[in-house]
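Biologist: I would like a close look at a single part of this model, with the side-chain contacts spelled out. Please keep to what can be computed from the atoms.

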Amino acid sequence: MTKLAQWLWGLALLGSTWAALTMGALGLELPASCREVLWPLPAYLLVAAGCYALGTVGYRVATFHDCEDAARELQSQIQEARADLTRRGMRF
């Protein structure tokens, strides 16, 4: 199962549970305090997911590793390409 399918299954499960609880499909009589929290729950989850994504991106940027060997290799390939193009008559 792909990660997308796992996320979609999870969202479908949470969404159907939320819809069943808010619309009273299960026949449960929830207290008013629970209903006040239940209605904006998708917005809370969306904000929490956004915060998690922002934190993950920030962490990955902060711990990004430089690839100095790959950079040197790329620079040498660029120099070879420039020399080849100069030999063929292109000027930089």
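How many residues apart are D69 and R72 in helix α4, and what does that spacing amount to in helical turns?

Modeller: The model is a predicted one. D69 and R72 are 3 residues apart in helix α4, which spans residues 68–87, so about one helical turn separates them. Their side chains meet in a salt bridge, with an N to O distance of 2.4 Å. Side chains of opposite charge can pair when their charged atoms come close. D69 is exposed, because its relative accessible area of 58% is over the 50% cut-off. R72 also counts as exposed, at 53% relative accessibility.

Further along helix α4, the spacing of D84 and R87 is again 3 residues, so about one helical turn lies between them. The side chains of R87 and D84 form a salt bridge at 2.6 Å, N to O. D84 has a second salt bridge, to the side chain of R88, at 3.3 Å from N to O. A search of the whole structure gives 3 salt bridges: D69 with R72, R87 with D84, and D84 with R88.

Note on methods
Residues numbered from 1 in each chain as written. Predicted model: local features only at pLDDT ≥ 70, side-chain atom pairs only at ≥ 80, totals over all residues. Heavy atoms only, no water. Salt bridge = Lys/Arg side-chain N within 4 Å of Asp/Glu carboxyl O. Helix = DSSP H or I, 4+ residues; strand = E, 2+ residues; numbered from the N terminus. Buried < 20%, exposed > 50% of the residue type's maximum accessible area, 1.4 Å probe, protein only.
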